[in-house]
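Hi,

Here is the structure I promised to pass on. Have a look at it first, and my notes on the side-chain contacts follow below.

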Amino acid sequence: QVQLVESGGGLVQPGGSLRLSCVASTRIFSIYAMGWYRQTPGKQRELVATITSGASTKYVDSVKGRFTISRDNANNLLYLQMNNLKPEDTAVYYCNANPNLWTWGQGTQVTVSS
């Protein structure tokens, strides 16, 4: 079973930036399309950014122009650069394959507040 470990979250003021990281314990990470998801209490988990094995990316409208997803296949790493953060970006962020295939990790909390 693939294990996912997210990190990089924290408390940031509106307009600030964070870079999230995710490491996946699979030797064939490079073949999977991956995604960053987020969830707030009482709401369904939302897919916010995806990246294919060929590094093509897509974003949900609410984060376009502010978030950038990238990957480092040599090290099984997935990143999410988040700029110009807004209070509505506050959530627990998770990584997984797209569509999600593996057990969810613990996620990393992002809180945007002044």
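A term to start with: I say a charge sits over a ring if NZ of Lys or CZ of Arg is within 6 Å of the ring centre and within 35 degrees of the ring normal. Arg-19 does this with Tyr-79, lying over its face at 3.8 Å from the ring centre. Arg-71 lies over the face of Phe-29, at 4.7 Å from the ring centre.

Before you read on, some housekeeping. This is a predicted model, where local features need pLDDT of at least 70 and side-chain atom pairs count only at pLDDT 80 or more, while totals for chains, interfaces and linings use all residues. Residues are numbered from 1 along each chain as its sequence is written, and side-chain values use heavy atoms, with hydrogens and water left out.

Now the rings. I pair Phe, Tyr and Trp rings (the six-membered one for Trp) if their centres lie within 6.5 Å; planes under 30 degrees apart are stacked, over 60 edge-to-face, and the rest tilted. That gives 3 aromatic pairs. One of them is Tyr-32 with Trp-102, edge-to-face at 4.8 Å centre to centre and 80° between the planes. Tyr-32 lies in the loop between strands S3 (18–24) and S4 (34–39) and Trp-102 in the loop between S9 (91–97) and S10 (108–112), so the pair ties together parts that are 70 residues apart in sequence. Strands here are DSSP runs (E, at least two residues), numbered from the N terminus.

Tyr-37 and Trp-104 also pair edge-to-face, with 4.9 Å centre to centre and 85° between the planes. Since Tyr-37 is in strand S4 and Trp-104 in the loop between S9 and S10, this pair ties together parts that are 67 residues apart in sequence. Tyr-37, Tyr-94 and Trp-104 form one aromatic cluster.

How exposed are they? Buried means under 20% relative accessible area, exposed over 50%, and partly exposed in between (1.4 Å probe, protein chains only). Trp-102 is buried at 9%, and Tyr-37 is buried at 5%. Trp-104 is partly exposed, at 27%.

Last, the cysteines. Taking a disulfide as a pair of cysteine sulfur atoms within 2.5 Å, a search of the whole structure finds 1. The disulfide joins Cys-22 to Cys-95, with S to S at 1.9 Å. Cys-22 is in strand S3 and Cys-95 in strand S9, 73 residues apart, so to speak a link between distant parts of the chain. The torsion about the S-S bond is about 55°, so the disulfide is right-handed. Cys-22 is buried at 1% relative accessibility, and Cys-95 is buried at 0%.

Cheers

Key: Helix = DSSP H or I, 4+ residues; strand = E, 2+ residues; numbered from the N terminus.
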